[in-house]
Amino acid sequence: MKPAPNSLRLGPDERGHFGIYGGRFVAETLMPLILDLERAYEEAKQDPAFAAEMRDLQAHYAGRPSPLYFAERLTEHLRGAKIYLKREELNHTGSHKINNVLGQILLARRMGKKRIIAETGAGQHGVATATACARFGLECVVYMGAVDVERQKPNVFRMNLLGAKVVPVQSGSRTLKDAMNEALRDWVTNVENTFYCIGTVAGPHPYPAMVRDFQSIIGIETREQMQAAEGRLPDSLVACIGGGSNAMGLFHPFLDDPSIEIYGVEAAGHGIKTGQHAASIAGGRPGVLHGNRTYLLMDDNGQIKDAHSISAGLDYPGIGPEHAWLNDMGRVKFLSATDDEALQAFQLLCTLEGIIPALEPAHALAKVIELAPQKPNDHLMVVNLSGRGDKDIFTVADHLGGMK
Amino acid sequence: MTARIDARFKALREEGRAGLVTFTTAGDPDYDTSLAVVQALPQAGADLIEIGVPFTDPMADGPAIQAAGQRALKAGQTLKKTLALVESFRKSDAATPIILMGYYNPIYVYGVDRFLRDAKAAGVDGLIVVDLPPEEDEELCLPALKAGLAFIRLATPTTDDKRLPTVLQNTGGFVYYVSITGITGSAIPDTAKVIAAVSRIKHHTKLPIAVGFGVKTAEHARAIAEGADAVVVGSALVEAVRTSLDPQGRATAETIKAVTDLVASLASGVRAARRVAAE
């Protein structure tokens, strides 16, 4: 699939820009490393041995390809589009995060780095990173907001079992953005031996493009699987968006198929109007944070606002720069789902399909519940089921208890 | 135009000593106290003044400066008020260079052109923006130079000889050498390594070189001043502010004195340095 000259899949430019978004807004200490990383990644991309090692790990360690599953009872229930779930929750470690982590850890090995750091919100990226570090015998330190440590305890325990050190971050709002600040502070201190494994399609160039490339396996498989199942491409794609890596992984291989509708679902928390949400596109504006320009939640003085979402993985006041650009281009339509809508969708999938989704993709499912009935029966809709919900059962139990 | 900065370093050269650059956070713990602190700095021995622009997410700062920024934001400090603070300072001091140090987002949201106009009018001489490397010069550095403000770049232990020319291009006023790989106020720099790094950078530029990150005491300041043109102290000063506050986090009668006493001590350290041939 070589992109055409007018393709939407050519970005970023050589300086890491998607339109006005992206870039490399980092301290000078990190700049030489980021340039090194960019070089190392460009070399790895050209190296058939790197691709072969990735394919082997994807197949035998992560368990790819993940199934594209026709959700028959959900489809019957919603009486509209034919709904397929891309089962990323069946990957090793329980989410799409392993796709990116395997790529970055192989790259870290090529670069001779022995110490890996990562930030995590829900803990899925932290677990995936701890897993890959255990597999390759690398030291692993995961920064996690103290609030998230509390609400995602099972994942903290998993990371500890895998030999990673989890550092609870007490600064700021004590969630994902603060974990990222602290990881950057670690990186700037330990530049010599440390590789920063960023978990989403954000951060300074080349991270947004690199993470997207590693996650694009989701969309590439979906194309083939849908061709096999239905003899044609899907009509629409739906995915949840925090930083947006699962969404970008699904969307990117389809950006040049203009007839395919693409929906990104942000977390509306208690509702966009309440100000307590994590919807950077719906409620934010362009600014610069964590190495890139993108839509951010902030006040009129450029101070970053705390995000809110029931889902720790979406609880971030920014979004990947390529999503920001695709929004401005009008190629991806951004919607948002509230905490309550996500909880309802979560329960629906449990009872109709016997699948406990993570709260993150429950946001995507919440919009599928709205979108699917508006579509004809031959409309093929793919939802990225980016993670499984085991980690969320206590949060859900708390909320449902409260709703009674 | 970096007239005030150039004049100050020329005067320091004539005196045959290194300068002391102080960093305090605008609005910490409140606007009036931070203005009074800044007004008292030159008398206490500060040769150049850096004023921190508070930001919610200061990625390159350690706990001390993070906390100072949080105190200032809680007290309602904004970029606009920081410019007002500089304007007030300039009414009584036309000579001491003022450098704003912070992160890009508050400036970006304020509007680059409007910010440069207002900063210039307020009497700001230079800018240090931590998250704008040379790769992003079009954002603020080039417009700042055009507006007549110095854009002071950080050079770090990871900035090798190959990269130094990139970092030094478009740098004005002075070069800020970050003495450690790390965040502000963390590790104590190895003086011998720092002095070697300064002399390495001197091969690439005629600009004065200030050294900061991790300098806390008069003795550190003296040791660094033997090889550098100026020594920057920040975390230790904002810690002096913090320890002077009452249990509710309000300024006390001790706050200004706590800062000026430390500045006086640091200044005596800088002035006691036996300068090696730094040229």
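Which strands of chain A does helix α14 (residues 339-353) lie across? Helix α14 of chain A lies across β3, β4 (82-86), β10 and β13 of chain A, and runs at about 85 degrees to β13(A).

## Basis of the report

This is a predicted model, in which local features need pLDDT of at least 70 and side-chain atom pairs count only at pLDDT 80 or more, while totals for chains, interfaces and linings use all residues. Residues are numbered from 1 along each chain as its sequence is written, chains are lettered from A and ligands numbered from 1 in the order in which they are written, and side-chain values use heavy atoms, with hydrogens and water left out.

Helices (H or I, at least four residues) and strands (E, at least two) are DSSP runs, numbered from the N terminus. Angles run from 0 to 180 degrees between N-to-C directions, with axes fitted to C-alpha atoms, for helices over the stretch in contact. Contact means heavy atoms within 4.5 Å.

## The sheet of chain A

Six strands of chain A form an open sheet of mixed pairing, in the order β3-β4-β14-β9-β10-β13; two strands pair if DSSP finds at least two bridges between them. β3 (68-70) and β13 (333-338) stand at the edges with a single partner strand each, so one side of each is left without a neighbour in the sheet. From one strand to the next, the twist averages 25 degrees.

Helix α15 (residues 359-371) of chain A lies across β4, β9, β10, β13 and β14 (380-384), running at about 140 degrees to β9(A).

## Strand β9 of chain A

Strand β9 (residues 236-240) runs parallel to strand β10 (residues 261-269), and five bridges join them. A:Ser236 stands opposite A:Glu261, and A:Val238 has A:Tyr263 as its bridge partner.

## A helix pair in chain B

Helix α2 (residues 31-44) and helix α12 (residues 255-272) of chain B pack at an angle of about 25 degrees, with their axes 9 Å apart. They are therefore roughly parallel to each other, a term for angles under 35 degrees. Residues making the contact include B:Ala36 and B:Leu41 of α2(B) and B:Val259 and B:Ala267 of α12(B).

Methods: Parallel < 35°, antiparallel > 145°, perpendicular 65-115°, else oblique.
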